[in-house]
Amino acid sequence: MTVGKGRVALVTGASRGIGRAIALGLAERGFDLALNDIPRQAKALDEAAAAVHALGRRAVALHADVSQKIEVEAMVEKAVAELGGIHAVVNNAGILIAASVETLAETHWDSVMDVNAKGTFLVIQAVLPVMKRQAYGRICNIASIGGKHGAPQQAHYSASKAAVMGFTRVLAQELGPIGITANCVCPGIILTDMGRVNLDDPAIRNAWAAKTAMARIGDPEDVVGPVAFFCSDDSAFVTGQTLNVDGGIVFS
Ligand SMILES: NC(=O)c1ccc[n+]([C@@H]2O[C@H](COP(=O)([O-])OP(=O)(O)OC[C@H]3O[C@@H](n4cnc5c(N)ncnc54)[C@H](O)[C@@H]3O)[C@@H](O)[C@H]2O)c1
């Protein structure tokens with residue numbers, strides 16, 4: 001994997017699950033890390049930052065709610081002040097609140113859209129001046145196969161992830177001329193705290209495993225390689241794409 005010297009990556013929602021695995025995976029591949037999460041996750045975020053540090057990379061833990069513009073701007077400013085730039089950004093922070101369309105509360109629609117879709121926009125808007133100055137940037141947005149085919153109880157979540165994919169395609173077109181690529185990774189069924197909402201029942205877990213070509217659900221580490229590819233120089237001529245990382249559920 002080709003990662004330039006002194007590269008810095010910002011990963012949101014990095015205290016646990018897929019985000020933590022991505023942060024550690026990028027550190028293993030040579031990135032210094034700005035790790036973000038909400039204040040409630042401070043202890044876990046500090047532990048993730050310490051794990052990055054133990055791999056010999058610089059790490060800074062930044063508390064911010066990605067749906068709050070002021071907090072996002074302060075986070076980006078601090079990351080640049082501490083680490084000198086941001087070369088790759090992984091918009092991973094996300095929430096899922098299961099509810100049928102009939103019972104879905106308007107507040108839950110809003111909070112899922114605010115974190116998953118608006119949060120992605122706010123982080124990119126704050127990071128863009130930095131990447132423009134560098135004339136270089138790699139954006140990897142974590143969407144979901146749910147944004148492609150949907151799932152019952154996830155109307156708002158699916159809509160938010162479809163929004164992330166549409167947003168990313170436009171980013172690719174607007175930012176390509178200035179040396180910035182933007183791509184999406186769409187995880188399938190991954191065993192994390194979020195994933196456990198669906199997967200605590202072994203029968204449901206086995207049913208999902210049976211739906212994959214690989215006959216298993218995923219671990220957070222399964223998502224790392226594809227994200228690292230989009231964050232590296234190996235993907236220099238790839239932009240505006242969505243890559244399913246689902247063990248073979250969605251074939252498109
Ligand atoms: N687990 C799956 O099966 C699966 C499948 C497809 C997509 N995804 C996506 O992958 C990403 C990571 O999910 P995960 O399974 O690791 O979930 P998770 O719940 O374990 O981790 C999500 C992280 O995001 C953080 N977060 C939530 N709201 C935030 C906010 N407003 N600001 C900053 N951080 C915030 C959480 O505190 C948490 O650390 C999400 O975007 C999710 O939608 C997950």
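In this predicted model, the second largest pocket is lined by 13 residues, and those nearest its centre are Arg-216, Gly-218, Asp-222, Asp-246 and Gly-247. Its volume is about 150 Å³. Sorted by class, the lining comprises six nonpolar, four polar and three charged residues.

Two of the residues named above are also partners of each other. The side chains of Asp-222 and Arg-216 form a salt bridge, with N and O 2.9 Å apart. Asp-222 is partly exposed, at 29% relative accessibility, and Arg-216 is likewise classed as partly exposed, at 39%.

The largest pocket has a volume of about 1000 Å³. Its lining consists of 43 residues, and Gly-94, Ile-95, Leu-96, Tyr-157 and Met-194 are the ones closest to the centre. Several elements contribute at least two residues each to this lining, namely α1 (17–28), β2, α5 (146–149), α6 (155–175), α7 (193–199) and α8 (202–211). The biggest share comes from α7, which gives five residues. In terms of class, the lining of the largest pocket holds 21 nonpolar, 16 polar and six charged residues.

Attention can now turn to the salt bridges. Side chains of opposite charge can pair when their charged atoms come close. Across the whole structure, the search finds eight salt bridges. One of them joins the side chains of Arg-57 and Asp-32, at an N to O distance of 3.3 Å. Arg-57 sits in the loop between α2 (42–54) and β3 (59–63), whereas Asp-32 belongs to strand β2 (residues 32–37), so this pair ties together parts of the chain that are 25 residues apart in sequence. The two partners fall into separate accessibility classes: Arg-57 is partly exposed, with a relative accessible area of 24%, while Asp-32 is buried, at 5%.

Key: Residues are numbered from 1 along each chain as its sequence is written. This is a predicted model: local features need pLDDT of at least 70, side-chain atom pairs count only at pLDDT 80 or more; totals for chains, interfaces and linings use all residues. Side-chain values use heavy atoms; hydrogens and water are left out. A salt bridge is a side-chain nitrogen of Lys or Arg within 4 Å of a carboxyl oxygen of Asp or Glu. Helices (H or I, at least four residues) and strands (E, at least two) are DSSP runs, numbered from the N terminus. Buried means under 20% relative accessible area, exposed over 50%, partly exposed in between (1.4 Å probe, protein chains only). On a 1 Å grid over the protein atoms alone, a cavity is a set of points where a 1.4 Å probe fits but cannot get out, and a pocket is an open set with protein on both sides within 12 Å along at least five of seven lines; lining residues have an atom within 4 Å of a point. Grid points are joined across faces, edges and corners, and a volume is the space filled by probe spheres set on the points. Ala, Val, Leu, Ile, Met, Phe, Trp, Tyr, Cys and Pro count as nonpolar, Asp, Glu, Lys and Arg as charged, and the others, Gly among them, as polar.
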